[in-house]
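This report is for a reader new to the structure shown here.

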Amino acid sequence: MKRNPLAARHQIIHAIRWYGDDYTFKRAVTNEFGEPTGQPSTIQVIAGLYRASRKEFIEVIGNDNATLKVKNNRGILCRFDETIKVKQGDLVIIADHWTFKVTAVEPVLIGNVVIAQDISIEEVVQEV
């Protein structure tokens, strides 16, 4: 069965409308010399769906042993027609206490039709 990209796009739009949240993306303000001032400013508020998936892979250490590593792949799925001003390195706070950094903004394609956009994020580990 062949997938219909327009139907998939329609399903994503409705899923975002029904189950999605608004995510506020912030960027550090810089002074006239390009140095960060430490104050974040709001760049854009985007409606989307938070997604997380696990990726497991084997890492070979030396000649006779290996370990299984697990990496969580997280992101926010948003509408295809949303104009995204978010750049790599911007921050988003999810559920009022998890801080994530944007790593990429990419289109989601079926064939050559854009059905959504994906903002990949990774958790920011803050030192105590």
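The model is predicted, so local features need pLDDT of at least 70, side-chain atom pairs count only at pLDDT 80 or more, and totals for chains, interfaces and linings use all residues. Residues are numbered from 1 along each chain as its sequence is written, and side-chain values use heavy atoms, with hydrogens and water left out.

Strands are DSSP runs (E, at least two residues), numbered from the N terminus, and two of them pair if DSSP finds at least two bridges between them. Strand E4 (residues 91-94) pairs with strand E5 (residues 98-110) in the antiparallel sense over four bridges. Ile93 has Thr99 in E5 as its bridge partner. Three residues separate E4 and E5 in a hairpin, and Ala95 in the turn has a positive phi of about 60°.

E5 also pairs with strand E6 (residues 113-123), in the antiparallel sense over 10 bridges. This hairpin has two residues between its strands, with Gly111 in the turn at a positive phi of about 70°.

There are five salt bridges in the structure, each a side-chain nitrogen of Lys or Arg within 4 Å of a carboxyl oxygen of Asp or Glu. Among them are these:

| Pair | Closest N and O atoms |
|---|---|
| Asp118 and Arg51 | 2.7 Å |
| Glu123 and Arg74 | 3.2 Å |
| Arg79 and Asp81 | 2.9 Å |

Glu123 lies in E6 and Arg74 in strand E3 (residues 65-78), so this pair ties together parts 49 residues apart in sequence. Buried means under 20% relative accessible area, exposed over 50%, and partly exposed in between (1.4 Å probe, protein chains only). Arg74 is buried at 18%, whereas Glu123 is partly exposed at 42%.
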